Amino acid sequence: MRAIVFDQPGDESVLHLGDIPSPALGPNDVRIRVRATAVNQDGRTVGISVPSADAQEALIREALRVAGAEPSDVQYVEAHGTGTALGDPIEVEALAEALGGPADGAPCLLGSVKTNLGHLEAAA
């Protein structure tokens, strides 16, 4: 089964904030420094596999607080990307609420490597 992230088809939190230290890096030189981490739990939801947008938003805000960062500092989010009609909209809603729109017009890019590698539950 293949999950398609942030799209319709498909079935199926730790947050790290970091920054790329130098704009002089080449296109294949991706380096990041982790500035903060945060962990939480969704709490009570309508089902065990149903995420909570409120809990995810709180997690993002806590990581920003610990990092001493503003929502407008975030330029890229590596998302969980469940590939489901239920999970993806909840995750995007939480990101939109916590990060808002870009103050300077620069986009915040959103991606998920999970669809390229598959679910790593078996590796856990």
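Val 66 is partly exposed, because its relative accessible area is 43% (buried means under 20%, exposed over 50%, partly exposed in between, with a 1.4 Å probe and protein chains only). Val 66 sits in helix 1. Helices are DSSP runs of H or I with at least four residues, strands are runs of E with at least two, and both are numbered from the N terminus. From Val 66 to Ala 38 the C-alpha distance is 8.0 Å, across 28 residues of sequence.

The model is predicted: local features need pLDDT of at least 70, side-chain atom pairs count only at pLDDT 80 or more, and totals for chains, interfaces and linings use all residues. Residues are numbered from 1 along each chain as its sequence is written, and side-chain values use heavy atoms, leaving out hydrogens and water.

Leu 59 also belongs to helix 1. Its relative accessible area is 5%, so Leu 59 is buried. The C-alpha atoms of Leu 59 and Thr 37 are 9.3 Å apart, with a sequence separation of 22 residues.

Now step back to the whole chain. It holds three helices and four strands. Read from the N terminus, the order is β-β-α-β-α-β-α. The chain has 124 residues, and 30% of them are buried.

Next comes the loop between strand 2 and helix 1. Arg 44 counts as exposed because its relative accessibility is 84%. Its C-alpha atom is 10.0 Å from that of Ala 55, which is 11 residues away along the chain. Ser 52 lies in the loop between strand 2 and helix 1 too. Ser 52 has a relative accessible area of 13%, so this residue is buried. Leaving aside residues up to four places away in sequence, Ser 52 touches Asp 42, Thr 45 and Ile 90. Contact here means heavy atoms within 4.5 Å.

Ile 90 turns up again where two helices meet. Helix 1 spans residues 53-67 and helix 2 spans residues 87-99; their axes come within 8 Å and cross at roughly 40 degrees. Axes are lines fitted to C-alpha atoms, for helices over the stretch in contact, and angles run from 0 to 180 degrees between N-to-C directions. Helix 1 and helix 2 are therefore oblique to each other. Angles under 35 degrees count as roughly parallel, over 145 as roughly antiparallel, 65 to 115 as roughly perpendicular, and the rest as oblique. The crossing is right-handed, meaning that the near helix is turned clockwise from the far one by less than a right angle.

On the helix 1 side, the contact residues are Ala 53, Gln 56, Glu 57, Ile 60, Arg 61 and Leu 64. Helix 2 brings Ile 90, Glu 91, Glu 93, Ala 94, Leu 95, Glu 97, Ala 98 and Leu 99. Eight of the contact residues are nonpolar, one is polar and five are charged. Ala, Val, Leu, Ile, Met, Phe, Trp, Tyr, Cys and Pro count as nonpolar, Asp, Glu, Lys and Arg as charged, and the others, Gly among them, as polar.
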